[in-house]
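Me: Could you take a close look at one strand for me? I'd like to know what covers its faces and what it pairs with.

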Amino acid sequence: MKVSYEATINDLVDNDNRLLGHSVPMKIWKSLILLEVFLLAGVLIYFLCPGDRMWKLGAGAAGGACAACLSLLAYDRLSARRLRKALVSQFGPAPVKVEVELTENALAVTYTGAIITYGWRNISSVLDTKDAVELLHRHQGITVVRNRAFAAPRDREKFITLARHFIRENEVSPGIII
């Protein structure tokens, strides 16, 4: 089964954000950054704030929490802006045609003239989200198929069912390392 759609730069940014959202190392890294910002801001406010020790601790904790929240918002916005610039320089501002084909042997993704083939043993699961179908790769990858790639909802369901069938057919035994 083969589907295709035109991916915008915003789609490509969203694809990368989805990948990062599934990445355990990225979640840990982001948590460590938030902890560092919290501690640095909290300690700084503690030493700069006048008053008794409890007041300073409260102000440091509140200030650290606010700084961590603001840095999280700023990080997401800044990283999306940098990623958008990088993708525009790589693909240009025009939409990119994406084709995704499910065959018995592999998942094949074609865009910008490149064909990337993933054997079914390298695909771990299929996620049915409200705006797309996500095929998660075993080693920190993702293929996102937007809903507009499907002519009708039944085509989308057929795609999901077929992908899950191929994944089950090629499941890796627990003792096998790929």
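Reply: Both faces of S6 are covered: Ala 132, Glu 134 and Leu 136 on one side are buried, and so are Val 133, Leu 135 and His 137 on the other (buried is under 20% relative accessible area, exposed over 50%, partly exposed in between, with a 1.4 Å probe and protein chains only). In a regular strand the side chains alternate between the two faces of the sheet. That's six of six residues buried in S6. Keep in mind that this is a predicted model, where local features need pLDDT of at least 70, side-chain atom pairs count only at pLDDT 80 or more, and totals for chains, interfaces and linings use all residues. Residues are numbered from 1 along each chain as its sequence is written, and side-chain values use heavy atoms, leaving out hydrogens and water.

Now the neighbours. Strands are DSSP runs of E with at least two residues, helices runs of H or I with at least four, numbered from the N terminus; two strands pair if DSSP finds at least two bridges between them. S5 (residues 123-128) is joined to S6 by five bridges, running antiparallel, and Ile 123 has His 137 as its bridge partner. Three residues sit between S5 and S6 in their hairpin. Toward S7 there are six bridges, again antiparallel, with Glu 134 partnered by Val 144. This hairpin also has three residues between its strands, and Gln 140 in the turn has a positive phi of about 60 degrees.

S6 (132-137) and S7 (141-146) are also among the elements covering the buried residues of H1, which include Leu 12 and Val 13.

Definitions and conventions. Contact = heavy atoms within 4.5 Å.
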